[in-house]
Amino acid sequence: MLLGLVVGSFLNVVIHRLPKMLERQWRTECAELTGEAAQPVEVEAFNLVVPRSRCPSCGHGVTAIENIPLLSYAALRGRCSSCGVRISLRYPLVEALSGFLCGYAAWRFGLGAAALGAFIFTWAMIALAFIDLDTFYLPDSITLLLLWVGLLFNLFRVFTDLESAVIGAVAGYLALWSVFWTYRLATGKEGMGYGDFKLLAAIGAWLGWKMLPLAILLASCAGAVIGIALIVFARRGRDTPIPFGPYLAIGGLVAMFYGEEIARQYLGFF
């Protein structure tokens with residue numbers, strides 16, 4: 001659980017910085033393709049390591065003692081130590097979620113390859129869910145790496161056999177790809193992004209093709225419930241786009257922890 005809290009703190013950095021890094025890279029590539037003048041060189045490096053985290057309001061650099069997962073937020077009472085501006089509740093939430101899920105994975109799978117795989121899968125799902133909520137991005141640098149790591153784990157039959165994992169990756173991608181093109185041909189609009197295809201392919205690579213229907217069903221149910229709640233209680237317009245990545249992440253996590261039990265319960269009815 002302690003490891004989960006520490007990594008959760010780093011996930012906050014990934015969630016905040018990775019989309020900005022991608023946008024900078026895309027702007028540079030677009031300028032090169034169009035032959036536009038190069039943008040001024042930025043003096044300060046910007047990646048997942050540097051610069052040091054700082055308050056977006058006053059620029060105060062976060063010290064090591066102010067960066068202890070959960071404890072620092074509680075000690076600071078959710079405010080910057082320099083200017084007193086409120087710190088987003090998102091940060092302790094991500095840390096707590098990572099810590100809880102990793103602790104649960106260690107308890108459920110025991111210390112071994114399955115627990116390590118569950119940690120990696122969980123961290124990726126958390127990062128992708130929150131990045132998609134903020135930006136509607138599902139970065140290839142996470143989804144494609146997750147897919148290949150899942151296949152590598154299942155080379156040793158950690159969660160499923162390699163054949164099921166490969167079929168799961170292919171079926172996961174093609175399932176949402178088919179939905180995308182069917183919807184687009186019927187309405188002329190795009191109902192989801194290509195990142196969703198890759199995320200479901202990664203889930204299939206980790207859990208195998210047999211878990212895909214359950215993951216999609218759980219994601220759809222979560223999306224429907226949360227979407228209706230947003231419309232009713234938050235008065236969100238029906239035409240407002242909602243990212244599907246967070247719901248796929250929920251479906252994937254539930255399928256990883258409870259997929260076999262849910263399948264047995266379902267088959268027990270028949």
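Phe197 counts as buried, at 0% relative accessibility, where buried means under 20% relative accessible area, exposed over 50% and partly exposed in between (1.4 Å probe, protein chains only). This is a predicted model, in which local features need pLDDT of at least 70 and side-chain atom pairs count only at pLDDT 80 or more, while totals for chains, interfaces and linings use all residues. Residues are numbered from 1 along each chain as its sequence is written, and side-chain values use heavy atoms, with hydrogens and water left out.

A search of the whole structure finds 17 aromatic pairs; rings of Phe, Tyr and Trp (its six-membered ring) pair if their centres lie within 6.5 Å, and planes under 30 degrees apart count as stacked, over 60 as edge-to-face and the rest as tilted. Two of the pairs are set out below.

| Pair | Centre distance | Plane angle | Class |
|---|---|---|---|
| Tyr104 and Trp107 | 5.6 Å | 35° | tilted |
| Tyr173 and Phe197 | 5.5 Å | 85° | edge-to-face |

Tyr104 and Trp107 are three residues apart in helix α3 (residues 90–109), and therefore separated by about one helical turn; helices (H or I, at least four residues) are DSSP runs, numbered from the N terminus. Tyr104 is buried, with a relative accessible area of 18%, whereas Trp107 is exposed, with a value of 65%. Tyr173, by contrast, lies in helix α6 (residues 162–187) and Phe197 in helix α7 (residues 194–207), so that their pair ties together parts 24 residues apart in sequence. Tyr173 is partly exposed, with a relative accessible area of 28%. Ring pairs also link Tyr104, Trp107, Phe109, Phe121, Phe153, Phe159, Trp206, Phe257 and Tyr258 into a cluster.

The ring of Phe46 has the charged end of Arg17 over it, 5.6 Å from its centre, and also that of Arg24, 4.4 Å from the centre; a charge sits over a ring if NZ of Lys or CZ of Arg is within 6 Å of the ring centre and within 35 degrees of the ring normal.

Leaving aside neighbours within four places in sequence, Ile142 is in contact with Val14, Leu18, Ala124, Ala127, Leu128 and Ile131, contact meaning heavy atoms within 4.5 Å.

Key:
Helix = DSSP H or I, 4+ residues; strand = E, 2+ residues; numbered from the N terminus.
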